[in-house]
Amino acid sequence: MVCVCGIVEALVALAALVFIVVLILAHVTGGMVILTRHEKEKYFLTPKGEKEPFPSLHDPHSRDLSVVIPAYNEELRMPVMLDEATEYLENRQKKESSFTYEVIVVDDGSEDKTTEVALRYSRKYGSDKVRVLTLVNNRGKGGAVRMGTLSSRGKFILMADADGATKFCDIEKVEAGLNGLDPKPENMAISCGSRAHLEDVSVAQRSMFRTFLMYGFHFLVWFFCVRGIKDTQCGFKLFTREAALKTFSCLHVERWAFDVELLYIAQCFKIPIAEVAVNWTEIEGSKLVPFWSWLQMGRDLVFIRLRYLTGAWKLQSHKSD
């Protein structure tokens, strides 16, 4: 009995030591995000090849909708998504003459012809409707979405993945979810597309190991960061301009787990969030490496909570250039 008690005490002491080490590690590595733009990232090209400065999210809106599309090595998958999105937006503009929009493709330091492909759409529709922001270095999906959002003009801002996994017409569903949120404090609200209704099917198609990783990730999200949202990772989210400014100005995580921190920030500020079922199809060519990406996201989830807990990160806006 004495031996067992000694072992238990040793394990408790070891666990406490590990927790303290992780806490210290999370704090000392929780540096501020550098939002200063490279000179080349401050401008977009017009169809004539002239440079024009991007606006700021701090400016009043001048379009009804901004669509921000992060893209890393997406020269092959992106055209299908852009064709679908621009066709929908153009048809909507014909039906609603007052409707205005812009699409911002953020090339996240790609090594292929992603920028060249996106610029074809800018030449076709004009740079007032389609703009390309090419990042000098790869920041990660979260960093790309943030840079595009901070450069947008829309009253509402939609982030949408370049692979077109979610049908673009489902924007009407997330718009309905956003409109159904009442009240909207300081006009802040977020509507998240969700694949949670497809989970039973995905479990049936996945291996036991991948299913274990999925449920483990969901538990970490719930335990450390976000409650009440079943699918934090769907790349189809709609923000009011005010909510986008409040959340993206505080964002630290630039890789895959950025969605979780974004929603964590929103819940800390008590910004209302709707979750809406959308159509979703698996598209080949995902940049996620199943085991290592899930492992990285799990680490990021733990660090998000601990860094806010220790004060390494604070809910305050970062300055950007």
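## Exercises on a predicted model

Just after helix α9, Lys270 takes a positive phi of about 60°. Helices (H or I, at least four residues) and strands (E, at least two) are DSSP runs, numbered from the N terminus. This is a predicted model, in which local features need pLDDT of at least 70 and side-chain atom pairs count only at pLDDT 80 or more, while totals for chains, interfaces and linings use all residues. Residues are numbered from 1 along each chain as its sequence is written, and side-chain values use heavy atoms, with hydrogens and water left out.

**Exercise 1.** State how many residues of α9 are buried, and list them.

*Solution.* Step 1: buried means under 20% relative accessible area, exposed over 50%, and partly exposed in between (1.4 Å probe, protein chains only). Step 3: the buried residues are Phe258, Asp259, Val260, Glu261, Leu262, Leu263, Tyr264, Ile265 and Ala266. For the protein, buried residues make up 49% of the 321 residues.

**Exercise 2.** Decide for two loop residues, Asp170 and Lys113, whether each is buried or exposed.

*Solution.* Step 1: Asp170 lies in the loop between β6 (154-160) and α5 (171-179). Its relative accessibility is 3%, so Asp170 counts as buried. Step 2: leaving aside neighbours within four places in sequence, Asp170 is in contact (heavy atoms within 4.5 Å) with Phe236, Val278 and Asn279. Step 3: Lys113 lies in the loop between β4 (101-107) and α3. Lys113 has a relative accessible area of 52%, and therefore it is exposed. Step 4: Lys113 and Glu75 are 38 residues apart in sequence, but their C-alpha atoms are 5.6 Å apart in space.

**Exercise 3.** Describe how α2 (residues 78-95) packs on α3 (residues 114-125).

*Solution.* Step 1: the two helices pack at an angle of about 20°, with their axes 11 Å apart. Axes are lines fitted to C-alpha atoms, for helices over the stretch in contact, and angles run from 0 to 180 degrees between N-to-C directions. Step 2: the angle makes α2 roughly parallel to α3 (under 35 degrees; over 145 is roughly antiparallel, 65 to 115 roughly perpendicular, and the rest oblique). Step 3: Met78, Pro79, Leu82, Asp83, Thr86 and Glu90 of α2 make the contact with Thr114, Val117, Ala118, Tyr121 and Tyr125 of α3.
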